[in-house]
Amino acid sequence: MASDPWPKSDGGPAARPEGAGIAVGLSSAEAAVRLASSGPNTIPETSPSRLRDLAVKFWAPVPWLLEVAIVLELVLGDYLQALVFGILLVVNAFLAALQEGRAQEAVRLLRQRLTVMARVRRDGEWRLLPGEQLVVGDLVHLRQGDIVPADLEIGEGELRLDQSALTGESLAVTAGAAARAYSGSVVLRGEASGVVTATGARSYFGRTAELVATARAPGNIERLIFGIVRALVVLSLGIVAAVAAYGLLQHLPARQLLPFALILLIAAVPVALPATFTLATALGSRELVRSRVLVTRLAAIEDAAGMEVLCTDKTGTLTQNRLAVERLSPQPPYDADELLSWAAAASQASTQDPLDLAILEAATTRGLPSRGKVVSFTPFEPATKRSEALVETEDGRWRTVKGAPQVVAELAGLPKEELSDGVAALASSGARVLAVAVAAPGGPLRLVGLLGLADPPRPDAARLVEQLRQLGIRVVMVTGDGLATAAAIAGRLGLGQRAVRGDVLRRMGEGGFPGRREGATTGHETEWADVYAEVLPEDKLRLVSWLQERGVVVGMTGDGVNDAPALRRAEVGIAVASASDVAKAAASLVLTDPGLGNIVAGVEVSRRIHQRMLTYTLNKIIKTLQVSLFLGLGLIILGQFVITPTLVVLLLLANDFLTMSIATDRVRTPRRPQRWGVRPLVVSALALALPLVLMSFGVWGLGVHTFGLDLAGRQTLVFVWLVASGQATVYLVRQRGHFWHARPSRWLATSSAAGLLAVLLLAWQGWLMTPVPAPDLGVMLLLALAYLGLGDLIKSRVFGWAGLRR
């Protein structure tokens, strides 16, 4: 321990905070005074400029097209059309800024809930407190997997720290007594206690570590949507090129051809896509917060929709993590009290490890005296599967080891088989088994005995497993516990009978498979085991990678720093409530309640968001095919502009308000994992778009031969038809079954009704277009209803083939 744990400045020794002792920490009263004086251990966030965010919305490829169209119309002297283009540009910018603002607010709320926790000694007791409540002088205990919550000077212990996020240096550093541990560093190994020297803006790096990643990797559905958009733009460019070639051959006036070509291209670009996607995920994240699930990466919400396998730990996830010493099996000549007291000597309360706390509580209950002063303590690590201590006694220094039976047996020079019967007897009820060994000064390790710690399954665990199975998700237990213990718990939960040791995962590089059953084909589900026991942290990463190589969408739960690679690799990394800070930082979903009960809600929300985005994507493909093909082919076949650029802009405005509301639609939760590709979507959309194109030519024919409308009147009629059929398309594709199976959300229904009424009023009164009689407009509504019925028949066959009815 340092003789003076407080730092010295260049000007001389720094003042020691009054009452700050490395051995005792602060009182709650003193901490409250200092917190009021110095403020919370946070960095004030700078609010982004709303005007700047809005201005950015005018500087992107889609706004550029509109801006070119506006300039072109102004040069040509068509000021009304330029004004309409300008309205579309401004409305789209405001909508995007509004929805992104709502998404940023959702992320801000998540950051407030996802805080770094610290082990602090207050009033002589260790407790977990939010990192923002730390003050200078607090005594903090750090262990493997923690993010250092404030600048500390270490007084006891030694840490291996990763400071790469702060300094850019990839090599870890060792910090012992009197060394500094800076806010934001990650504890890779070791344990230590230290005194807080600076917090918040006064810390060395001027910030507190954050768990929520600001950079969001694009999700699978987002990448798919943008891929489809690129394909639509290429299609539209081809149609525009054909229209331009036709116009040049027919010597059409440039002042008509250029605006038409530009607006045709704009009609194919999903202007509302970014805002719709952001709004859907932001609203989903807030819905998940109400379900006690925090989202650290918005794109992970839709990734969870396709999750097929959930690999989960046992302790604290499927079990209650309320350990209690249930049985003691001493090895002669030792008795039960000696077994428990030596186990307690290899435990430490400051670690807050459930195993250590259970053993210490049992020793205290029995009134067992301490074995002596602990002069050295090595905490449990997943890689070594043991903890140990050196204890100073009157006879000298004794070494005590506590850990997995197979590990302790090897250290004590015993064959594993010698312990197998005793381990099996204790594990048969699902107890977690530990072995204890002790070495006298200068002597070898000798087995003291076995402890059985009861950790019963959570009351809701079996029901949870069944609920996930009904959602099409297979649950696989991956645990470091012994095979007998894991198999017993799995049997009680209905997970399955196939249990294997983790060494099968280490043989994958030699052509083996993780639990392959005899006669199974490579990559088939029958190769997977139901339980993987005695696994090492790197085995989890191997299992995730193996499943992903076979096209499986994987979810992985974890709680420790060694779980971080697997959590980051899995499509859906889930940190449980008791997880370390590093595990939470690596995960995409963080549970705030014990167990996995909230996972079901998370999957259901993700699948509903997926359905909304699928509705938007299908609707956009269908409308783009209809509008692009009809406008392009209409000019080439009919030799006339079937609609004006101004009416196309009004069509886009009407569609934008409706498609934005899809993010709030009421949808059913699919019962199977949701995965879809470009080809099924495009084929399905083409099957539903071709009848619309044919009906659009039919509407033109009605205007000529039945209603006797002039060119401008027919263009108005086409505009109303495109709006009405667009509304019908949304209601058609929002349900994978028949369109009447579920009522739309209030916002969708209101947006739909308001948009349709506004369009009918404009067309009837002749505002911004040539008026059309009300009966003719009524026929367009009837045709839209007819398409809704026809499309439902087509959809039932096409969606079944494309796998979209799951």
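Student: Which residue of β16 does K402 stand opposite?

Tutor: K402 stands opposite V436 in β16. Please bear in mind that this is a predicted model.

Student: How many bridges join β15 to β16, and in which sense do the strands run?

Tutor: Strand β15, residues 396–403, is joined to strand β16, residues 432–439, by five bridges, and the two run antiparallel.

Student: What is the strand order of the sheet with β15 and β16?

Tutor: The order is β12-β17-β16-β15-β14-β13. These six strands form an open sheet with antiparallel pairing.

Student: Which strands are at the edges, and what is the average twist?

Tutor: The edge strands are β12 (324–330) and β13 (373–381), each of which pairs on one side only. From one strand to the next, the twist averages 20°.

Student: Which helix packs on that sheet, and which strands does it touch?

Tutor: Helix α13, residues 417–427, packs on the sheet and touches β12, β16 and β17 (445–454). The direction of α13 makes about 20° with that of β17.

Student: Moving on to the eight-strand sheet, what is its order?

Tutor: Eight strands form an open sheet in the order β10-β23-β22-β21-β11-β18-β20-β19, and here the pairing is mixed. The edge strands are β10 (293–295) and β19 (499–501), each pairing on one side only. Neighbouring strands of this sheet are turned by 20° against each other on average, with direction ignored.

Student: In which sense do β18 and β20 pair, parallel or antiparallel?

Tutor: Strand β18 (residues 474–478) and strand β20 (residues 531–533) pair in the parallel sense, over two bridges.

Student: Now helices. At what angle do α14 and α20 cross?

Tutor: The axes of helix α14 (residues 461–470) and helix α20 (residues 597–638) cross at roughly 20° and come within 9 Å. That angle is why α14 counts as roughly parallel to α20. The crossing of α14 past α20 is left-handed.

Student: Which residues make the contact?

Tutor: On the α14 side they are L464, Q467 and L468, and on the α20 side G597, I599 and V600. The residues of this contact divide into four nonpolar, two polar and no charged.

Student: And what about α24 and α25, how do they cross?

Tutor: Helix α24 (residues 746–765) and helix α25 (residues 774–802) have axes that come within 10 Å and cross at roughly 145°. This crossing is right-handed. The contact is made by L756, L760, A763 and W764 of α24 together with A774, L777 and L781 of α25.

Student: How many residues of that contact are nonpolar, polar or charged?

Tutor: The contact of α24 with α25 has seven nonpolar residues, no polar and no charged.

Student: What is R143 in contact with?

Tutor: Leaving aside neighbours within four places in sequence, R143 is in contact with R119, V187, G190, E191, T351, Q352 and D353.

Student: Lastly, how many helices and strands does the protein have?

Tutor: The secondary structure comes to 25 helices and 23 strands. Of the 806 residues in the protein, 54% are buried. Among contacts between residues at least 6 apart in sequence, 72% join residues at least 24 apart.

Conventions. Residues are numbered from 1 along each chain as its sequence is written. This is a predicted model: local features need pLDDT of at least 70, side-chain atom pairs count only at pLDDT 80 or more; totals for chains, interfaces and linings use all residues. Side-chain values use heavy atoms; hydrogens and water are left out. Axes are lines fitted to C-alpha atoms, for helices over the stretch in contact, and angles run from 0 to 180 degrees between N-to-C directions. Helices (H or I, at least four residues) and strands (E, at least two) are DSSP runs, numbered from the N terminus. Angles under 35 degrees count as roughly parallel, over 145 as roughly antiparallel, 65 to 115 as roughly perpendicular and the rest as oblique. A crossing is left-handed if the near helix is turned anticlockwise from the far one by less than a right angle, and right-handed if clockwise. Contact means heavy atoms within 4.5 Å. Ala, Val, Leu, Ile, Met, Phe, Trp, Tyr, Cys and Pro count as nonpolar, Asp, Glu, Lys and Arg as charged, and the others, Gly among them, as polar. Two strands pair if DSSP finds at least two bridges between them. Buried means under 20% relative accessible area, exposed over 50%, partly exposed in between (1.4 Å probe, protein chains only).
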